[in-house]
Structure formats: structure tokens, C-alpha cells
Amino acid sequence: MTATSPQAAPRGARRLRLPKPLRNASLLIGAAITLTIIGLAIFAPLVATHDLAQMDMPNRFSGPSLEHLLGTDNFGRDIWSRLVYGARISLSIALIAVVASAIIGTLVGLISGYFGGWIDLVLMRITDVFLGFPPLVLVLAVVAVMGPGLMNVALSLVVVSWTEYARVVRSTTLTLREQNYVQAARALGASWPRILFREILPNSLGPIIVLASLGLGTAIIWESALSFLGFGLPPPAPTWGWSLSYGTRFIRDEPWMSIISGAAIMVTVLGFNLLGDGLRDLLDPRQQTRGKG
Amino acid sequence: MTDYIIRRLLLFIPMAIGIVVVTFCLLLLIPGDPASVLLGQEATPEGIAALRRTLGLDDPWYVRLGGYFLNLLQGDMGRSIFQNAPVSEIIFDRLGATIELATVALVLAVAVGVTLGVLAANRQGGIIDTFTMLLAQIGISMPVYWLALLLMLAFAVHLGWLPAIGRGEPLPTALAMALTGNPAPLVDSLSHILLPAASLALNSAAIISRLVRTSMLEVLREDFVRTAAAKGIRRGPVIWRHALRNALLPVVSVIGLRFGALLGGAILTETIFAWPGLGQLTISAISQRDIPLIQGIVLTFALIYATVTLLVDLLYAAVDPRIRLR
């Protein structure tokens, strides 16, 4: 047990059995949304209809039309094209942050759970300390001192995200360590890296994948929050958060620019959350056996 | 119980030390020489040397860390670089507004989240269940800053029912005035806090509703619920009185964790609604790269959060004997 024991569920681990009608729909809709957005981001140069920097002042704040699918922003730039390129920024930062967090957290969790003793104690105390900061506060503080930029934003997200993987992987490792097949491998003289990476890790992948999917959504929310506050990638980078935030200057008369940028963020996050919940029902056997029915 | 309290209190110490160390390390993260980075392009060598002395950058790191600790123990968080005032004073002026906002949001989130969770669990797979969980999924995916904007557009700009920005009298003051027969400030305060608190609360309400639902579903399968039903107690009291009391236990610890998310989220809501709290201060401190102030704010947020988690753990142990016996 970790010392802060009453908190049985790690932060963000939402124990959940979806109502039946939502269960498969979750996975399908989530996959559809995320794949579409990933596709748009990858093929941004093809699907964008306008040059990002092309301004058209007489046509600023025009509504959706055939010429401008989602209308134009305060400089008369095409919102659809900017959103598509914005997806590239959000997704790449989220992906870097999630992969790095998953690797760091998984390593910490594996080592902590497998060796136990003082190693476990020290690693879990460190994890607790990082969990002790309100996440967004720590993200902001890291970006504040390191300055904006793609890698710095990603790094700031890693600082707050790795803990979740560490705690979940540690607890699966604690269980798996006692399983017969692991004991057998040990009896056969397998080295500890072999046991950790060949026996335990493959069987922990389910929860890690679920966390990663939910983590992509969270990372996008935080990245956009940073851009929204003006600490993300500086303009002219077409970040969703910047468009949302800059649009608020014209919110009384022309709310469209802000609304549509926020909608892009929400739909993307919703996609990853649905996917994560769907995957959880599919992949995470512990969650499935928990309910007795 | 005393045993548990002492053990839990002792754990607070390494935690607090860890938090201070991480906060201190923020200064080490600055690429290059912090003094010249902070002073920017027009820095003179004398200015840099002076700032290095103020920040204590010429000493080895362990001396600085030790000094930082000693000062903190005396309640001294250093001086703000740009406001020429003690960091602790600047923060203290803003603290109340943020705690008020986060607390009201927490109350809203718990009230809404618990109600929806219970309603959803009442008939698993039914229309209410599906609809509520769909709503919760959307609530979880909704960025605070976007929701805040939509609420402001709808209720302040278009309908004009509520003020868009600012804060009334502090709630405790307003409450006291209402008790002495002057309800106007209380109405004003509540109308100001409603939109920021509601937008801040939605995320947590959604998460709490999902937790309560799962927890209720488990409890509703327990024998004592069947016994109560068999005794002829109506469904309503069984759910709201017997089952909910047990289902809320795991939720209590999560509520403490949500407070951390609310404090962080407050930074965003405060910016949008011009709420004069720590969040606004954070943004201005970061824009000016006022490192001592940033450190002070981070430390304050973390210590409030750690204290709330501590209180929740103790409360949890008081309610659930299984915890303190472990």
C-alpha cells in the first residue's frame, strides 16, 4: 500500500462500467472521431483550403460558406485551414508528452512494484510529491521558467502525467509478481530485466494503453489551456487555444471564432475519452471482473 | 484512531519537504543565468550582479536550499521582483478569493455529481442512466475555459441575467451582512460567483457522478440492501439513506483530489471572469517571470492541496473504521 492509503483510486483513474448501450458505441465513436482527426492532421496540407497566413481583411469574421468552410477569423484567415493545422500541433505535443510519460511512469512502476522494500518506498514518496501539486499549476510553473516552445510544453505535461502510469503499473506489477508463470520464470533463472520486460510488462499493457488514450485527451486540454493563457506556442502558430483566447476579444459581436475553436478541442478530447473508456471495457480485465454482475 | 492520525500527520512532513524541494528546483530549470534571463535585453552587468545577490545565486545550491527552507519556516517566501513587496503578503491578499471560488465550485460539483450518480445507478442501463453518463462524458471532455466562455455568452452577454466579470463582497462578509438584515450584498456576491463556480465545477461534477454511479451499483448488490428491501422499506429511503451512505465512502477520497484540480482550474476561470484571486496573480507573475512570486504561488497551491488531502484522509478514517485499523 502507498502511504496515502485511503486514496485507493489513483488520480484520474475513473472506475467505470458504462451502461450497456454506451459500451460498444463508446469504442466505435471514439475510434471514428480520433482517426478522423489524426487523418486530418496528417493530411493537413491536402485538406486545408487556404494558405494559413493569407489575410482577407474585408472578409473578416465571415460565417461558414463554400469558400470558407468554417468562416474566417479576425484577420480574415480561413478558420478551417487553421484548425486542421492546429490539430497537428495539439496532437504532436500530446503524443510526445504521453509517450514520454508512459515510458517514465512504466519504468518507475515496474521497478517499484517488483523490487518493493526501500526502492518502492522512495519511488512512491517521490510520486506522491508530484501528485501533491495541482496539475495545471505545475504545468504552468514549468513553462513559466523554461519558456514557451513545443518541447517545453510537452515536457511540462510529462512532469505531471508520468505519476499516473507509475501508480497503475506498480499495482499491476505487485499482483503479477506473485503469479505462477512469473515465479516459474524466476525459478528457471531468468534475470530481473527479462522478467520485468518479457513477463510482466506485456501483461500490464492493457491498463497502460487505456491510460494513454485518456492521457491524450488530457494533454490536449492542458496544451490548449497553455496556448489559451498565452504560454503555448507563440503566434503565428495556429494553436486552438490561441484562436479561442484571441477570439474572446471580439466575443460580444463575433463569438464564432472562439466557439468553433473550443468545439474543435472538445470534440477531439471527447474522442480520446470515448476511445479510452471503450478500450478499458475491452482490455482491462481487472475492471471487468470488479463488478459482480 | 490516534495511531492513524499520528502516522498520517508524520507522512505530511516528507511530503511538505518534497514539495518545497520541487518548488526550489524550478529556479534551477531556467536555461542559462536566471539573473540575466530575468532582467532581459537591457540588463547591465551591475544590475545582474545585484539581482544575483538578491536571489542568492552566488552560493552553492545546498546553501540556497537550506536558506530557502529556513526562510519558509519563518513564513518568508522572499520578495517579488516586480512588485517590491513580500511574496507572502501579495499572495495572502488574493488567497481568500480563490479558496472561496474553489469551495463553492466543490460544493456545486458534489451536489450535482452525487444526485446524478444516484439517479443513474437507480436503473442501470435505463434512459436516465444512459443520458446521464453521456452528459458526464461530455462534461469530462469539456475544457473549462470553453465552457466558461459559453456560459458567459449565454447568461451575461445575451440574457443579461448575471454579471460577466468581477467579484462582489467576500461571501462570509456578505453572509454576515445578510444576517443583520441587509441581503443585497449577498445576492450580489452570489450572482458574481455563480458563473465562474459553475464552469469550474462541471468537470468535477461529471467525474463524481461516474464514481458515485459505479460505487452505488456495487453497494446496491449487497445483502443489506436486499434485506432492507425485504423488510418492506420503500426504494427511495433504501437508496438515499442505506445505500448512498456506504457508496459515498470511496467518493470522499476523490473529492479531496478534485480540490487540486479545482485550484488549477481556478487559474483559467479567474482569467476569464476577472476574478481577483491567485489565478490572475499567477498569470501576471508568469508573464513577468517574477520567479520568487511564481515559486510562492506554486508552493501555496501545493500546500493548500496537501492540507485538504490530509483533512479528507482523516475525515475518511473517522467515517470508515476499516481504514484506521489497517
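## Contact between chains A and B

In this predicted model, the contact between the two chains draws on 55 residues from chain A and 62 residues from chain B. On the side of chain A that touches chain B, the elements that contribute two or more residues are α1 (20-42), α4 (117-131), α5, α8 (192-229) and α10 (256-283) of chain A. Of these, α5(A) supplies the largest share, with 9 residues. By class, this side of chain A consists of 34 nonpolar, 12 polar and 9 charged residues.

## Packing of α5 and α6 in chain A

The helix that gives the largest share to that side of chain A, α5(A), also packs within its own chain. Helix α5 (residues 135-146) of chain A lies against helix α6 (residues 150-177) of chain A at an angle of about 145 degrees, and the axes of the two helices are 9 Å apart. The crossing in which α5(A) passes α6(A) is right-handed.

From α5(A), the residues A:Pro135, A:Leu138, A:Val139, A:Val142, A:Val143 and A:Met146 take part, and they meet A:Asn152, A:Val153, A:Leu155, A:Ser156, A:Leu157, A:Val159 and A:Val160 of α6(A).

## Overall build of chain B

Chain B contains 14 helices and 0 strands, and its C-alpha trace spans about 85 × 55 × 40 Å along the principal axes. Of its 326 residues, 43% count as buried. Among the contacts in chain B with a separation of 6 or more, 71% are accounted for by residues 24 or more positions apart.

## Two domains of chain B

Chain B is divided into domain 1 (2-73) and domain 2 (94-325), whose C-alpha centres lie 33 Å apart. Where the two domains touch, 13 residues of domain 1 of chain B are in contact with 13 residues of domain 2 of chain B. On the domain 1 side, the elements that give two or more residues are α1 (2-29) and α2 (34-39) of chain B, and α1(B) gives the most, with 11 residues. The composition of that side is 11 nonpolar, 1 polar and 1 charged residues.

## The largest nonpolar core

The largest nonpolar core has 160 residues, and those with the most contacts inside it come from both chains, namely A:Val139, A:Leu140, B:Leu101, B:Ala105, B:Tyr145 and B:Ile208. Helix α11 (residues 235-273) of chain B gives the most to this core, with 17 residues. At least three residues of the core come from each of domain 1 (2-73) and domain 2 (94-325) of chain B. In soluble globular proteins, nonpolar side chains tend to be buried together.

## Surroundings of B:Ala105 and B:Leu262

Leaving aside its neighbours within four places in sequence, B:Ala105 is in contact with B:Ala197, B:Leu200, B:Ala201 and B:Leu262.

Although B:Leu262 and B:Ala197 are 65 residues apart along the chain, their C-alpha atoms are separated by 9.6 Å.

Terms used:
Residues are numbered from 1 along each chain as its sequence is written. Chains are lettered from A and ligands numbered from 1 in the order in which they are written. This is a predicted model: local features need pLDDT of at least 70, side-chain atom pairs count only at pLDDT 80 or more; totals for chains, interfaces and linings use all residues. Axes are lines fitted to C-alpha atoms, for helices over the stretch in contact, and angles run from 0 to 180 degrees between N-to-C directions. Helices (H or I, at least four residues) and strands (E, at least two) are DSSP runs, numbered from the N terminus. A crossing is left-handed if the near helix is turned anticlockwise from the far one by less than a right angle, and right-handed if clockwise. Two residues are in contact if their C-beta atoms, placed from the backbone, lie within 7 Å. Ala, Val, Leu, Ile, Met, Phe, Trp, Tyr, Cys and Pro count as nonpolar, Asp, Glu, Lys and Arg as charged, and the others, Gly among them, as polar. A residue is buried if 20 or more other C-beta atoms lie within 10 Å of its own, exposed if 12 or fewer, and partly exposed in between; C-beta atoms are placed from the backbone. A nonpolar core is a set of buried Ala, Val, Leu, Ile, Met, Phe, Trp, Tyr and Cys residues joined through C-beta atoms within 7 Å. Domain bounds come from an automatic or database domain assignment.
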